[in-house]
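Work through these exercises with the model open beside you. Try each task before reading its solution.

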Amino acid sequence: MNYSKLYNFAVESYAKLPYHFGGGRAFRPLSLFVELTYRCNFRCNMCQFLNILDDPRLNEKKGEELATDEINRVVDQISGLGLIVFTGGEPLLRKDIMELVRHAARRHKVYMVTNGILLKEDVADEFVRLGGGTLFSHGMASVGISLEALGPRHDEIVQVPGSFEKIMGNVRHFVAAKKRAGKTFPLVWLKCVITSHNVAMLDDMYALAEEAGVDMFNPITYYGIPATDRLAMTGEIAPDASPVPADNFDTAELRRQLEKMRQREKTSKVQLRITPPGLTDGDVLAVYERRLDMGNKACYTPWSSAALSAYGDVFPCSNYTVGNIRQTPFMELWNNGKMTGFRRELKKRKIFKSCAACCSMVYEGQPSSYPLID
Ligand SMILES: C[S@@+](CC[C@H](N)C(=O)[O-])C[C@H]1O[C@@H](n2cnc3c(N)ncnc32)[C@H](O)[C@@H]1O
Ligand code: SF4
Ligand code: SF4
């Protein structure tokens with residue numbers, strides 16, 4: 001079964017009614033992205049947060065990160081059986097991470113994205129114990145582990161020697177623990193951002209995902225707008241900023257790798273999910289060739305999903321804040337003037353130029369451009 005397509009379909013349907021008839025308002029959010037911290041033990045060269053990881057303000061603001069109960073209170077306001085995504089920075093650096101996961105998993109599905117280096121045996125065992133029974137039950141639903149390349153190339157990208165071997169050790173333990181417990185959930189994903197550093201090894205990474213026995217291989221399209229404003233949210237929409245992919249990118253190689261992965265997928269037990277999941281492979285290639293046609297794209301995500309910064313700012317996406325939960329209750333922010341104004345502007349434009357490569361883009365109607373494989 002294609003879990004992510006089913007989930008995306010359900011979420012999009014929930015968002016579309018208020019999108020068309022709500023005048024900018026939306027139902028209670030179905031999912032919440034929580035950026036738990038902007039601290040990180042890696043320095044990945046493609047990271048959207050790279051600019052702020054070494055910003056001196058980050059240390060000054062350490063004491064301002066949301067406390068456990070502040071996060072839990074927002075989580076409690078998400079629709080039952082919603083999806084809570086814990087990300088960062090590196091979420092496993094937070095000392096209260098298990099408390100946060102256990103709390104969220106009591107009523108919701110939980111997805112964590114981690115670089116995997118701290119996903120030690122005790123953490124993995126607890127995640128397996130918290131695994132939900134089905135796609136539609138609460139509990140730990142998925143853990144996405146970022147593995148940016150194979151062997152030493154991975155370590156170069158993340159700038160931590162020896163990390164590839166450690167992460168793969170953690171992945172293997174996780175998969176074995178799940179098997180011993182006879183659990184389907186949490187699904188284990190291996191993720192990577194497609195860059196010039198790993199494009200030639202994408203299919204080999206898919207092969208490694210098969211050999212390790214994970215559930216999903218998830219290459220992600222590079223998004224080039226740095227998240228510099230997380231430390232001082234400006235509240236500005238930057239709809240025309242250009243998320244240009246990295247230079248020196250071998251697009252012919254990407255085409256070859258996409259074709260190889262689609263071949264492998266035909267007989268593989270490991271699901272292939274290329275992000276943005278709503279786009280054809282041809283359009284993924286078009287992002288890197290800087291010729292993506294935005295004319296047939298739309299986005300419904302801000303009608304079903306909210307994001308929370310490590311310091312309490314609420315934002316629909318990107319760097320546009322609509323307020324802070326330390327000043328205003330979360331559900332008031334969710335449909336306040338700034339949020340409804342943002343939604344109305346997005347609906348009017350259908351999509352912003354700055355959305356190119358964002359994982360929430362979908363086609364408006366039928367995909368029309370550049371199918372790579374018919
Ligand atoms: C910012 S990281 C935070 C979680 C954790 N530190 C990790 O690396 O998995 C969340 C996800 O964003 C991805 N990511 C980082 N920089 C990106 C970029 N420039 N474009 C697209 N995805 C990116 C990471 O690979 C990861 O899957
Ligand atoms: S591990 Fe995640 S947050 Fe840290 S530098 Fe890498 S992509 Fe960024
Ligand atoms: S596609 Fe654009 S509007 Fe939608 S979530 Fe992404 S950045 Fe925001």
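How many helices and strands are there in the protein? There are 13 helices and 12 strands. Both are DSSP runs numbered from the N terminus: helices are H or I with at least four residues, strands are E with at least two.

This is a predicted model, in which local features need pLDDT of at least 70 and side-chain atom pairs count only at pLDDT 80 or more, while totals for chains, interfaces and linings use all residues. Residues are numbered from 1 along each chain as its sequence is written, and chains are lettered from A and ligands numbered from 1 in the order in which they are written.

**Exercise 1. Judge the confidence and the overall packing.**

Step 1. Start with pLDDT, the predictor's confidence in each residue, from 0 to 100. The protein averages 90, and 90% of the residues score at least 70.

Step 2. Two residues are in contact if their C-beta atoms, placed from the backbone, lie within 7 Å. Where pLDDT is low, the predicted coordinates should not be read in detail.

Step 3. Check burial. Of the 374 residues, 45% are buried. Buried means 20 or more other C-beta atoms within 10 Å of the residue's own, exposed means 12 or fewer, and partly exposed lies in between; C-beta atoms are placed from the backbone.

Step 4. Look at contact range. Among contacts with a separation of 6 or more, 79% join residues 24 or more positions apart.

**Exercise 2. Describe how H6 meets H8.**

Step 1. Take the axes, lines fitted to C-alpha atoms over the stretch in contact, with angles from 0 to 180 degrees between N-to-C directions. H6 and helix H8 (residues 163–181) come within 9 Å and cross at roughly 35 degrees.

Step 2. Name the residues. Glu121, Ala124, Asp125 and Val128 in H6 meet a set in H8 that includes Asn170, His173, Phe174 and Lys178.

Step 3. Sort them. The contact has 5 nonpolar, 2 polar and 3 charged residues. Ala, Val, Leu, Ile, Met, Phe, Trp, Tyr, Cys and Pro count as nonpolar, Asp, Glu, Lys and Arg as charged, and the others, Gly among them, as polar.

**Exercise 3. Survey the ligand shells.**

Step 1. Ligand 1 has 17 residues around it, of which Gln48, Val113, Asn115, Ser146 and Tyr223 come nearest. E3 and strand E5 (187–194) each give two or more residues to this shell.

Step 2. The residues around ligand 2 include Cys40, Cys44, Cys47, Asn115 and Ser146.

Step 3. Ligand 3 has Cys299, Cys317, Cys355 and Cys358 among its neighbours. Its shell has 7 nonpolar, 3 polar and no charged residues.

How values were computed:
A residue is near a molecule or strand if its C-beta atom, placed from the backbone, lies within 6 Å of it.
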